[in-house]
Each structure stands twice: as C-alpha cells, then as structure tokens.
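Visitor: Could you walk me through this one? I'd like to start with the overall picture and then go into some local detail.

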Amino acid sequence: MDKTYTINELSTITGLTTRTLRNYIKDELLKGDKSTGQWLFSEENIHSFVSHPSVHRSIQTKNRAIVYDFLGNERKKNNEICTIMDFYISQDEANEIVQNICTHISTSNIENIRFSYECHDQYTRIILSGYAENILYITNMIYQ
C-alpha cells in the first residue's frame, strides 16, 4: 500500500494549519479518506492539492514566511539554521525524502522546527528552519 499522510503531517509538509487544511477539504480542493475516523491523504492527493494554483500561492507565501521570520527574529536564544534546498530528482525520490522528514519530525520530540516542501516541474524545494542540531540531523539524513 502506498504511504498515506495524516492531516498533521500534511500541515508539516505544507506549512498550512490543520484548520486551513480542513477548510480546503470542505471546499473540496483537498481530497482524502476518512474511513478510519481520521483524515488520510495519499501522495497523489497531496500532489493534486499542492498543484492547484490558489493552494500553490498559499504554500509559497508560507515558505517565504519561514525565511522572513528567521531573518527577522533577532532574539534567538539558541543556534538556529534556515536552509533552502533545491533537488533535481524524480517525484518518487522527493516523496521518499519528504516521508523521511515527516517521520523524523513526528516520531521525535523536535522543538522549534519549520518545514516546507514544494514540487515544481523541474525540481523539488525543501525549506527547513529550526534549532541547528535538528536541521543538521535532517540535512545529513537527506544526503546519506
């Protein structure tokens, strides 16, 4: 069976709140399955959703906010990193990376991490921001 994502994982992937995602479900821009009592989304559901022009713009705005918030925060109390990575890889490879990041974030008690992912025609962009040790761990995981 293909990997499915919960609404919380989709929130992590897109940077959109779960409330916003539920509004997209209500408006039928986001399709998923709720037969088990919780929303589950296939990679195909997610790709179709993030490819929609209005959703794509919302995600781009959130992505920029991650970077702007990082740059604008002059009161950091810990070492932090913000990184933007563009990968020229297949959709399957991109899905694997995103799945690994989501799994790591959801199974670890990671604090202060922001993650966003966009698929473009020719490349996949991943933005990570948070405590240095967490971002370094995730980037090392990606490149291994």
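**Overall picture**

Guide: Buried residues account for 39% of the 144 residues in the chain, and please keep in mind throughout that this is a predicted model.

Visitor: OK, what does the secondary structure of the chain come to?

Guide: The chain has six helices and five strands, and read from the N terminus the elements follow the order β-α-α-β-α-α-β-α-β-β-α. The radius of gyration is 15 Å, close to the 15 Å that the globule rule gives for 144 residues, so the chain is as compact as a globular protein of that length.

Visitor: And what does the C-alpha trace span along its principal axes?

Guide: The C-alpha trace spans about 45 × 30 × 30 Å along those axes. As for contacts in the chain between residues at least 6 apart in sequence, 62% of them join residues at least 24 apart.

Visitor: Switching to charges, how many positive and negative side chains are there?

Guide: There are 14 positive and 18 negative side chains, and the centres of the two sets lie 11 Å apart. The accessible surface of the chain comes to about 8,800 Å², and 44% of that belongs to carbon and sulfur atoms.

Visitor: Now helix α1, is it enclosed or open?

Guide: Helix α1, residues 7-14, is largely enclosed by the rest of the structure, because six of its eight residues are buried.

Visitor: Which ones are buried in α1?

Guide: The buried residues in α1 are Ile7, Glu9, Leu10, Ser11, Ile13 and Thr14. After α1 comes Gly15, which has a positive phi, near 80°.

Visitor: Moving on, in which sense do β4 and β5 pair?

Guide: Strand β4 and strand β5, the latter covering residues 124-131, pair in the antiparallel sense over seven bridges, and a hairpin of four residues joins β4 to β5. Within that pairing, Tyr117 has Ile126 in β5 as its bridge partner.

Visitor: How many residues of β4 are buried?

Guide: Six of the seven residues of β4, which spans residues 113-119, are buried, and the strand is thus mostly covered.

Visitor: What about Arg114, buried or partly exposed?

Guide: Arg114, which sits in strand β4, is partly exposed, because its relative accessible area is 32%, and the cut-off for buried is under 20%.

Visitor: Which residues does Arg114 touch?

Guide: Leaving aside residues up to four places away in sequence, Arg114 touches Ala65, Ile66, Asp69, Ile127, Leu128 and Ser129. The C-alpha atoms of Arg114 and Tyr131 are separated by 9.7 Å, with the two residues 17 apart along the chain.

Methods:
Residues numbered from 1 in each chain as written. Predicted model: local features only at pLDDT ≥ 70, side-chain atom pairs only at ≥ 80, totals over all residues. Heavy atoms only, no water. Buried < 20%, exposed > 50% of the residue type's maximum accessible area, 1.4 Å probe, protein only. Helix = DSSP H or I, 4+ residues; strand = E, 2+ residues; numbered from the N terminus. Pairing = 2+ DSSP bridges. Rg over C-alpha atoms; globule rule 2.2 N^0.38 Å. Contact = heavy atoms within 4.5 Å. Areas by Shrake-Rupley, 256 points an atom, 1.4 Å probe, with all protein chains shown as cover. Lys, Arg positive; Asp, Glu negative; His and termini not counted. Charge placed at Lys NZ, Arg CZ, Asp CG, Glu CD.
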